[in-house]
Amino acid sequence: MADPTNHNQAGEVAPSTVDKQAPSVAEEHAPSTDSPEATDIPTANAPDPKAANPEDNPNAAKPAAASPKREKPAAAKAADGEKPAAAATGEKPAAAAKAAKKEKAPAVEDKPFVEFIEQDYLPALQKAIAQQGVQDLQVSFTKQKVPITGFESAEECWQIIGSWKETGLRQFNLYFPEEDIQGKKGFSCNEGKKPSTLESFLIDERKITLDLLVYGLVQRLGGQKWLGIN
């Protein structure tokens, strides 16, 4: 059986093709220099340096860790127009939250009609008229027919009736046909006789308040010359 190994001389082994090519490959990729230099010869153990993913290439350069973001001072935030953390998250300061929970007290004018007249208007009216020099004022609040000729068939309505006898019998009636201080109102007055005229009262005011209702009646009685030195 023939020996597969080629011999060019007796007792010598002929170099293989790989051995013949090795010097030329080394010379091509390894520069002739005394200092060590990296070559582009791929090796089995060194990963491709182009693979930037550290998971694929342990030798790849790792990105520098991001430095923690520094919080701006409150003054700097205000200068930049940034909202405080509480405002950004929708949170309210304790004082604002307390004020928001506190309900606004309803106005006296929002009370039920009868309750407003009896608890607020009558006491305020008596005080205002007394300050004008009337000492024996008698005031009542009742629901009855309008005591004026021509209104006999009309329905009863709430009325404030005031009278005094200091300088003769003087009486006024303030009418609320709609049982609403913001609705229609009427006025009549007489001196010992049945009233003959029903006047509109405070018809030009958009919103009636307690003070306006008191002031309006005092002004009307003053125009009748029933108050003060009249």
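Which residues lie nearest the centre of the largest pocket? Some notes on that and the surrounding fold follow.

1. This is a predicted model, with local features needing pLDDT of at least 70 and side-chain atom pairs counting only at pLDDT 80 or more, while totals for chains, interfaces and linings use all residues. Residues are numbered from 1 along each chain as its sequence is written, and side-chain values use heavy atoms, leaving out hydrogens and water.

2. To the opening question: Val146, Cys157, Tyr175, Pro177 and Leu198 lie nearest the centre, out of 19 lining residues. A pocket here is an open set of points on a 1 Å grid over the protein atoms alone, where a 1.4 Å probe fits, with protein on both sides within 12 Å along at least five of seven lines; lining residues have an atom within 4 Å of a point. Its volume is about 290 Å³, taken as the space filled by probe spheres set on the points.

3. The lining divides into ten nonpolar, two polar and seven charged residues; Gly counts as polar and Cys, Tyr and Pro as nonpolar. Strands S2 (157-164), S3 (170-176) and S5 (199-200) each supply at least two lining residues. Strands are DSSP runs (E, at least two residues), and helices are H or I runs of at least four.

4. The five strands form an open antiparallel sheet ordered S1-S2-S3-S4-S5, with S1 (138-144) and S5 at the edges. Pairing requires at least two DSSP bridges; S2 and S3 are joined by seven, and Trp164 has Arg170 in S3 as its bridge partner.

5. Phe113, Phe141, Trp158 and Phe176 form one aromatic cluster.

Definitions and conventions. Rings of Phe, Tyr and Trp (its six-membered ring) pair if their centres lie within 6.5 Å; planes under 30 degrees apart count as stacked, over 60 as edge-to-face and the rest as tilted.
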